[in-house]
Amino acid sequence: MTSATPAVHQVSDERGDEVLEQIWEAFEAARAKDGRERDEVPFAAGSAEVREGLERLIASGQVTLSGTGGVRLTAPGREAAIRLIRRHRLAERLLVDVLDLTGEIIEEYACRVEHLVHQGLEDGICTLLGHPEVCPHGKPIPPGACCRAAKHEVGQLVVKLVEMRPGQKGSIAYLNAQDQTRLNKLLAMGILPGAELELKRRSPSFVFQVGYSQFAVDEHVAAAVFVRLER
Ligand SMILES: [Zn+2]
Ligand SMILES: [Zn+2]
(Lines give C-alpha, C1' and ligand atoms only; values in the text may rest on other atoms or scores of the structure.)
(Ligands and ions follow the chains in the order given, each with its own letter.)
Protein backbone atom coordinates (compact mmCIF):
# COMPACT_ATOMS: atom_id res chain seq x y z
CA MET A 1 0.00 0.00 0.00
CA THR A 2 1.39 3.39 -0.89
CA SER A 3 1.02 6.43 1.30
CA ALA A 4 -1.75 8.76 0.16
CA THR A 5 -0.39 11.83 1.89
CA PRO A 6 -0.28 14.59 -0.71
CA ALA A 7 2.48 17.13 -0.77
CA VAL A 8 1.59 20.49 0.75
CA HIS A 9 2.46 23.43 -1.45
CA GLN A 10 3.45 26.52 0.47
CA VAL A 11 2.38 28.96 -2.21
CA SER A 12 -0.01 31.69 -1.19
CA ASP A 13 -3.35 31.32 -2.85
CA GLU A 14 -5.94 33.98 -2.09
CA ARG A 15 -8.93 32.01 -3.25
CA GLY A 16 -7.87 28.94 -1.33
CA ASP A 17 -7.10 31.12 1.70
CA GLU A 18 -10.58 32.62 1.68
CA VAL A 19 -12.22 29.22 1.58
CA LEU A 20 -9.89 27.93 4.29
CA GLU A 21 -11.05 30.81 6.52
CA GLN A 22 -14.68 29.96 5.75
CA ILE A 23 -14.07 26.35 6.72
CA TRP A 24 -12.42 27.41 9.95
CA GLU A 25 -15.43 29.61 10.73
CA ALA A 26 -17.75 26.69 9.99
CA PHE A 27 -15.84 24.66 12.61
CA GLU A 28 -16.13 27.57 15.05
CA ALA A 29 -19.84 27.94 14.46
CA ALA A 30 -20.39 24.22 14.99
CA ARG A 31 -18.38 24.29 18.21
CA ALA A 32 -20.32 27.34 19.45
CA LYS A 33 -23.55 25.32 19.34
CA ASP A 34 -22.63 22.68 21.91
CA GLY A 35 -18.98 23.20 22.84
CA ARG A 36 -18.01 19.97 21.11
CA GLU A 37 -14.91 19.70 18.87
CA ARG A 38 -15.56 18.08 15.52
CA ASP A 39 -13.41 16.24 13.01
CA GLU A 40 -15.51 17.44 10.12
CA VAL A 41 -18.17 20.02 9.31
CA PRO A 42 -20.75 20.19 6.54
CA PHE A 43 -19.54 22.57 3.89
CA ALA A 44 -21.41 23.49 0.74
CA ALA A 45 -19.40 25.16 -2.02
CA GLY A 46 -22.16 27.50 -3.15
CA SER A 47 -20.32 29.32 -5.91
CA ALA A 48 -17.81 28.48 -8.59
CA GLU A 49 -15.20 30.58 -6.73
CA VAL A 50 -15.67 28.65 -3.51
CA ARG A 51 -15.60 25.37 -5.40
CA GLU A 52 -12.35 26.39 -7.06
CA GLY A 53 -10.82 27.40 -3.73
CA LEU A 54 -11.92 24.13 -2.16
CA GLU A 55 -10.38 22.15 -5.00
CA ARG A 56 -7.10 23.96 -4.53
CA LEU A 57 -7.13 23.24 -0.81
CA ILE A 58 -7.72 19.58 -1.52
CA ALA A 59 -4.99 19.51 -4.17
CA SER A 60 -2.51 21.12 -1.77
CA GLY A 61 -3.34 18.65 0.97
CA GLN A 62 -4.93 21.09 3.42
CA VAL A 63 -8.49 19.82 3.25
CA THR A 64 -10.03 16.40 2.65
CA LEU A 65 -13.64 15.56 1.89
CA SER A 66 -15.53 13.18 4.12
CA GLY A 67 -17.86 10.70 2.49
CA THR A 68 -20.91 12.57 3.77
CA GLY A 69 -20.44 15.96 2.16
CA GLY A 70 -18.35 17.33 5.01
CA VAL A 71 -14.82 18.70 5.03
CA ARG A 72 -11.89 17.91 7.30
CA LEU A 73 -8.72 19.86 7.92
CA THR A 74 -5.39 18.06 7.72
CA ALA A 75 -2.69 19.06 10.22
CA PRO A 76 -1.06 21.49 7.73
CA GLY A 77 -4.52 22.80 6.80
CA ARG A 78 -5.33 23.47 10.43
CA GLU A 79 -2.03 25.23 10.93
CA ALA A 80 -2.58 27.38 7.84
CA ALA A 81 -6.15 28.20 8.91
CA ILE A 82 -5.03 29.32 12.36
CA ARG A 83 -2.40 31.55 10.78
CA LEU A 84 -4.90 33.11 8.37
CA ILE A 85 -7.57 33.67 11.01
CA ARG A 86 -5.00 35.20 13.31
CA ARG A 87 -3.89 37.61 10.59
CA HIS A 88 -7.44 38.48 9.61
CA ARG A 89 -8.58 39.22 13.14
CA LEU A 90 -5.42 41.13 14.02
CA ALA A 91 -5.99 43.18 10.87
CA GLU A 92 -9.52 43.90 12.08
CA ARG A 93 -8.23 44.99 15.47
CA LEU A 94 -5.63 47.19 13.80
CA LEU A 95 -8.30 48.90 11.70
CA VAL A 96 -10.61 49.44 14.66
CA ASP A 97 -8.11 50.26 17.42
CA VAL A 98 -5.62 52.26 15.44
CA LEU A 99 -7.49 53.65 12.47
CA ASP A 100 -10.83 53.90 14.25
CA LEU A 101 -12.84 52.43 11.40
CA THR A 102 -16.32 51.12 12.03
CA GLY A 103 -19.00 49.15 10.22
CA GLU A 104 -18.76 47.24 7.00
CA ILE A 105 -15.61 48.94 5.88
CA ILE A 106 -13.71 46.85 8.46
CA GLU A 107 -14.52 43.62 6.66
CA GLU A 108 -13.62 45.08 3.30
CA TYR A 109 -10.24 46.35 4.45
CA ALA A 110 -9.46 43.45 6.78
CA CYS A 111 -9.42 41.08 3.82
CA ARG A 112 -6.84 43.27 2.11
CA VAL A 113 -4.79 44.13 5.16
CA GLU A 114 -4.47 40.52 6.28
CA HIS A 115 -2.47 39.80 3.14
CA LEU A 116 -0.12 42.61 4.07
CA VAL A 117 0.31 41.28 7.57
CA HIS A 118 3.07 38.86 6.78
CA GLN A 119 4.46 36.36 9.12
CA GLY A 120 6.92 38.00 11.42
CA LEU A 121 5.01 41.25 11.26
CA GLU A 122 1.90 39.79 12.84
CA ASP A 123 3.54 39.25 16.21
CA GLY A 124 4.74 42.84 16.14
CA ILE A 125 1.22 44.06 15.44
CA CYS A 126 -0.18 41.75 18.09
CA THR A 127 2.28 43.16 20.62
CA LEU A 128 1.50 46.72 19.60
CA LEU A 129 -2.18 46.04 20.15
CA GLY A 130 -1.55 44.45 23.55
CA HIS A 131 -2.12 40.82 22.47
CA PRO A 132 -5.88 41.10 21.99
CA GLU A 133 -7.82 37.91 22.62
CA VAL A 134 -10.82 38.69 20.48
CA CYS A 135 -11.53 40.50 17.22
CA PRO A 136 -13.96 43.45 17.12
CA HIS A 137 -16.74 40.93 16.48
CA GLY A 138 -15.89 39.04 19.65
CA LYS A 139 -14.37 36.05 17.87
CA PRO A 140 -11.20 34.55 19.35
CA ILE A 141 -7.83 35.51 17.90
CA PRO A 142 -5.56 32.44 17.93
CA PRO A 143 -2.58 33.33 20.14
CA GLY A 144 0.95 33.51 18.73
CA ALA A 145 4.34 33.02 20.32
CA CYS A 146 4.29 36.69 21.37
CA CYS A 147 1.06 36.20 23.34
CA ARG A 148 2.44 33.18 25.15
CA ALA A 149 5.59 35.13 26.05
CA ALA A 150 3.51 38.10 27.19
CA LYS A 151 1.49 35.91 29.57
CA HIS A 152 4.36 36.34 32.02
CA GLU A 153 4.14 40.09 31.83
CA VAL A 154 1.51 42.11 33.58
CA GLY A 155 -1.07 44.04 31.66
CA GLN A 156 -1.07 45.47 28.19
CA LEU A 157 1.99 46.95 26.65
CA VAL A 158 0.22 49.74 24.84
CA VAL A 159 -2.46 51.69 26.68
CA LYS A 160 -4.41 54.84 26.06
CA LEU A 161 -3.02 57.90 27.80
CA VAL A 162 -6.45 58.36 29.39
CA GLU A 163 -6.11 54.93 31.02
CA MET A 164 -2.76 55.69 32.64
CA ARG A 165 -2.22 56.47 36.29
CA PRO A 166 -0.33 59.60 37.37
CA GLY A 167 3.36 58.76 37.66
CA GLN A 168 3.27 56.10 34.92
CA LYS A 169 5.84 56.48 32.18
CA GLY A 170 6.28 55.15 28.69
CA SER A 171 6.98 56.11 25.15
CA ILE A 172 4.35 57.31 22.72
CA ALA A 173 3.37 54.34 20.56
CA TYR A 174 1.07 56.07 18.12
CA LEU A 175 -1.52 58.82 17.72
CA ASN A 176 -5.03 57.95 16.83
CA ALA A 177 -6.95 61.12 16.13
CA GLN A 178 -10.17 61.00 14.15
CA ASP A 179 -9.85 64.56 12.99
CA GLN A 180 -6.85 66.14 11.39
CA THR A 181 -7.11 69.26 13.57
CA ARG A 182 -6.58 67.28 16.73
CA LEU A 183 -3.75 65.34 15.16
CA ASN A 184 -2.08 68.54 13.97
CA LYS A 185 -2.45 70.03 17.44
CA LEU A 186 -0.64 67.09 18.98
CA LEU A 187 2.06 67.06 16.34
CA ALA A 188 2.57 70.81 16.71
CA MET A 189 3.16 70.27 20.44
CA GLY A 190 5.88 67.76 19.57
CA ILE A 191 3.82 64.79 20.72
CA LEU A 192 5.45 62.32 18.38
CA PRO A 193 5.64 58.55 18.37
CA GLY A 194 8.78 57.44 20.16
CA ALA A 195 8.89 60.40 22.56
CA GLU A 196 9.11 59.60 26.29
CA LEU A 197 6.03 60.59 28.25
CA GLU A 198 5.06 60.73 31.91
CA LEU A 199 1.51 61.34 33.06
CA LYS A 200 1.43 63.87 35.90
CA ARG A 201 -2.25 64.50 36.56
CA ARG A 202 -5.61 63.33 35.25
CA SER A 203 -7.82 66.19 36.39
CA PRO A 204 -9.05 68.82 35.79
CA SER A 205 -7.16 68.16 32.58
CA PHE A 206 -4.59 65.59 31.51
CA VAL A 207 -1.17 66.92 32.34
CA PHE A 208 1.83 65.07 31.04
CA GLN A 209 5.48 65.64 30.43
CA VAL A 210 7.26 65.02 27.16
CA GLY A 211 10.95 65.83 27.24
CA TYR A 212 11.32 69.01 29.30
CA SER A 213 7.87 70.35 28.48
CA GLN A 214 4.58 69.84 30.26
CA PHE A 215 1.29 69.81 28.42
CA ALA A 216 -2.28 70.07 29.62
CA VAL A 217 -4.92 68.74 27.25
CA ASP A 218 -8.57 67.84 27.60
CA GLU A 219 -9.73 64.27 27.58
CA HIS A 220 -10.72 64.54 23.92
CA VAL A 221 -7.18 65.25 22.81
CA ALA A 222 -5.63 62.88 25.37
CA ALA A 223 -7.74 60.04 24.01
CA ALA A 224 -5.76 60.14 20.78
CA VAL A 225 -2.46 59.28 22.47
CA PHE A 226 -1.42 55.65 22.91
CA VAL A 227 1.57 54.90 25.11
CA ARG A 228 3.84 51.88 25.26
CA LEU A 229 4.35 51.46 28.98
CA GLU A 230 7.78 51.18 30.52
CA ARG A 231 8.37 47.79 32.07
ZN1 LIG B 1 -13.90 39.72 13.36
ZN1 LIG C 1 0.52 38.40 20.81
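Here is a short walk through this predicted model, point by point.

1. Let's begin with the whole protein. It contains eight helices and nine strands. Of its 231 residues, 27% count as buried. Now look at contacts between residues at least 6 apart in sequence: 59% of them join residues at least 24 apart.

2. Next, find helix α1, which covers residues 14-34. How far apart should the ends of a helix with 21 residues be? At 1.5 Å a residue, α1 should span 30 Å, and its end C-alpha atoms are 31 Å apart, so the model agrees with the expectation. Just after α1 comes Gly 35, with a positive phi of about 75°.

3. Which residues of α1 are buried? They are Gly 16, Asp 17, Val 19, Leu 20, Ile 23, Trp 24 and Phe 27. When you look at the spacing in that list, keep a general rule in mind: an α-helix has 3.6 residues a turn, so residues three or four places apart point the same way.

4. The pairing of α1 with α3 deserves a look of its own. Their axes come within 9 Å and cross at roughly 95°. An angle from 65 to 115 degrees counts as roughly perpendicular, so that is how α1 lies relative to α3. On the α1 side, the residues that meet α3 are Asp 17, Leu 20, Glu 21, Ile 23 and Trp 24. Their partners in α3 are Gly 77, Ala 80, Ala 81, Leu 84, Ile 85 and His 88.

5. Now for the largest nonpolar core, which has 29 residues. Those touching the most other members are Val 158, Leu 161, Ile 172, Ala 173, Ala 222, Val 225 and Val 227. Among the elements that give two or more residues to this core are α4 (104-116), α5 (121-128), β5 (169-175) and β9 (225-229). The largest share, four residues, comes from α3.

6. Leaving aside residues up to four places away in sequence, Ala 173 touches Leu 128, Val 158, Pro 193, Phe 226, Val 227 and Arg 228. There is also a second, separate core of 14 residues, including Leu 20, Leu 54, Ala 80 and Ala 81.

Methods
Residues numbered from 1 in each chain as written. Chains lettered and ligands numbered in written order. Predicted model: local features only at pLDDT ≥ 70, side-chain atom pairs only at ≥ 80, totals over all residues. Expected span 1.5 Å × (residues − 1). Buried ≥ 20, exposed ≤ 12 C-beta atoms within 10 Å, placed from the backbone. Contact = placed C-beta atoms within 7 Å. Core = buried A, V, L, I, M, F, W, Y, C linked by C-beta atoms within 7 Å. Axes fitted to C-alpha atoms, helices over the stretch in contact; angles between N-to-C directions. Parallel < 35°, antiparallel > 145°, perpendicular 65-115°, else oblique.
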